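Please work through the following exercises with the sequence and the model at hand. Each task is followed by a solution in steps.

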Amino acid sequence: MKNLLIIFFLILLSNSIFPQWSTTGSDIYNSNSGRVGIGTGGPTAKLTVVASTSNDGIWLSGTATTNIALLNNVGTGSWNPLSQSGDNLLLWKGSTIDNVDAGGLVLAPWSNGNNGVRISSFGNVGIGTSPNTNAKLDVNGNIFSNGKIVIGTTDMTKVSTYSLAVNGDAIFNRVKVELHTSWPDFVFKRSYNLLPLKDLEKYIQLNNHLPEIPTETEVGKNGIDLGEMNAKLLQKIEELTLYVIELKKENEQIKKDVQKISSIKNSSAAQ
């Protein structure tokens, strides 16, 4: 009888100390509204984990090649060349290194190269590289965009249909424009109808600009297409070349006429 009372007492005691947890098969669950603390006696959320040492945290491990880790205060380069001492990292690893099909957020991928994303304490972002202190975004690699890239303005009405808009100065070492208009070699064809200089003079006096060249008002409103404008300017240069050739021929003819007249006068004087 005494043994039965001791067993009954132990059962009551165990139920009073561990009433929160229940098991069903291999599952364990808690149906109350309390909190669970790991590494702390004062949890502040449903689950609070306190990592008190470097490279400590939470590991979700499925197999030896599939893990997720949330680590605290890592060492310099412990997991990836992008990591720095004191970083708090969310690391992810799929069945293969940098598996592009596995998805997820990678701040310091589990690899030996500079792959992934690092966000500095100043909010600077480096993708494939450590973030540059002089830039909010530093990308080591290609950038593909299906939308618009706008620099120096948030007024999308001014961007219109352009894929790239820069409100400010830009500097290039080299610019290549793929032409979508015809190149003006047609000016030198025999069939080209060159406007006579007299008619050109009248046009300029009336319109204050060259034919087929936009006005100052039009350029101020619509800007200029570099490829198209260069083609138009070359057309005018080629037309000017034809005018010079024509004037040269006229000048040569005038010289011949003057020489002929001089020869006649000299002959008459000799008689």
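This is a predicted model: local features need pLDDT of at least 70, side-chain atom pairs count only at pLDDT 80 or more; totals for chains, interfaces and linings use all residues.

**Exercise 1. The whole chain**

Task: State how many helices and strands the protein has, and what percentage of its residues count as buried.

Solution. Step 1: The secondary structure consists of five helices and twelve strands. Step 2: The protein has 271 residues, and 16% of these count as buried. Step 3: Among contacts with a separation of 6 or more, 28% join residues 24 or more positions apart.

**Exercise 2. A hairpin**

Task: Determine how strands S1 and S2 run relative to each other, and which residue of S2 stands opposite threonine 23.

Solution. Step 1: Strand S1 covers residues 21–24 and strand S2 covers residues 27–30. Step 2: The two strands run antiparallel and are joined by four bridges. Step 3: Within this pairing, threonine 23 faces isoleucine 28 of S2. Step 4: Two residues lie between S1 and S2 in the hairpin, and glycine 25 in the turn has a positive phi of about 65 degrees.

**Exercise 3. Threonine 48**

Task: Decide whether threonine 48 is buried or exposed, and identify the backbone nitrogen that its side chain reaches at 2.9 Å.

Solution. Step 1: Threonine 48 belongs to strand S4, residues 47–49. Step 2: Its relative accessible area is 14%, so threonine 48 is classed as buried, the cut-off being under 20%. Step 3: The backbone nitrogen reached at 2.9 Å is that of threonine 44. Step 4: A polar atom of the threonine 48 side chain also lies 3.1 Å from the backbone nitrogen of alanine 45. Step 5: With neighbours within four places in sequence left aside, threonine 48 is in contact with Val36, Gly37, Ile38, Thr40 and Pro43.

**Exercise 4. Leucine 200**

Solution. Step 2: With a relative accessible area of 14%, leucine 200 is buried. Step 4: Once neighbours within four places in sequence are set aside, the contacts of leucine 200 are Leu195, Leu210, Pro211 and Tyr243.

**Exercise 5. Glutamine 235**

Task: Find the side chain with which the side chain of glutamine 235 makes a polar contact.

Solution. Step 1: Glutamine 235 is part of helix H5, which spans residues 226–270. Step 2: Its relative accessible area is 4%, so glutamine 235 counts as buried. Step 3: The partner in the polar contact is the side chain of glutamate 212, at 3.1 Å. Step 4: Apart from neighbours within four places in sequence, glutamine 235 is in contact with Glu212 as well as Pro184, Phe186, Val187 and Tyr192.

**Exercise 6. The largest pocket**

Task: Describe the lining of the largest pocket: how many residues form it, and which element supplies the largest share?

Solution. Step 1: The volume of the largest pocket is about 740 Å³. Step 2: Its lining consists of 20 residues, and those nearest the centre are Tyr162, Leu164, Ala165, Val166 and Asn167. Step 3: Helix H2 (156–159) and strand S12 (164–166) each contribute at least two lining residues. Step 4: The largest share, three residues, comes from S12. Step 5: By class, the lining residues are eleven nonpolar, six polar and three charged.

Technical notes: Residues are numbered from 1 along each chain as its sequence is written. Side-chain values use heavy atoms; hydrogens and water are left out. Two strands pair if DSSP finds at least two bridges between them. Buried means under 20% relative accessible area, exposed over 50%, partly exposed in between (1.4 Å probe, protein chains only). A polar contact is a pair of N or O atoms within 3.5 Å; within protein, one must be able to donate a hydrogen and the other to accept it, and residues adjacent in sequence count only if both atoms are side-chain atoms. Contact means heavy atoms within 4.5 Å. On a 1 Å grid over the protein atoms alone, a cavity is a set of points where a 1.4 Å probe fits but cannot get out, and a pocket is an open set with protein on both sides within 12 Å along at least five of seven lines; lining residues have an atom within 4 Å of a point. Grid points are joined across faces, edges and corners, and a volume is the space filled by probe spheres set on the points. Ala, Val, Leu, Ile, Met, Phe, Trp, Tyr, Cys and Pro count as nonpolar, Asp, Glu, Lys and Arg as charged, and the others, Gly among them, as polar.
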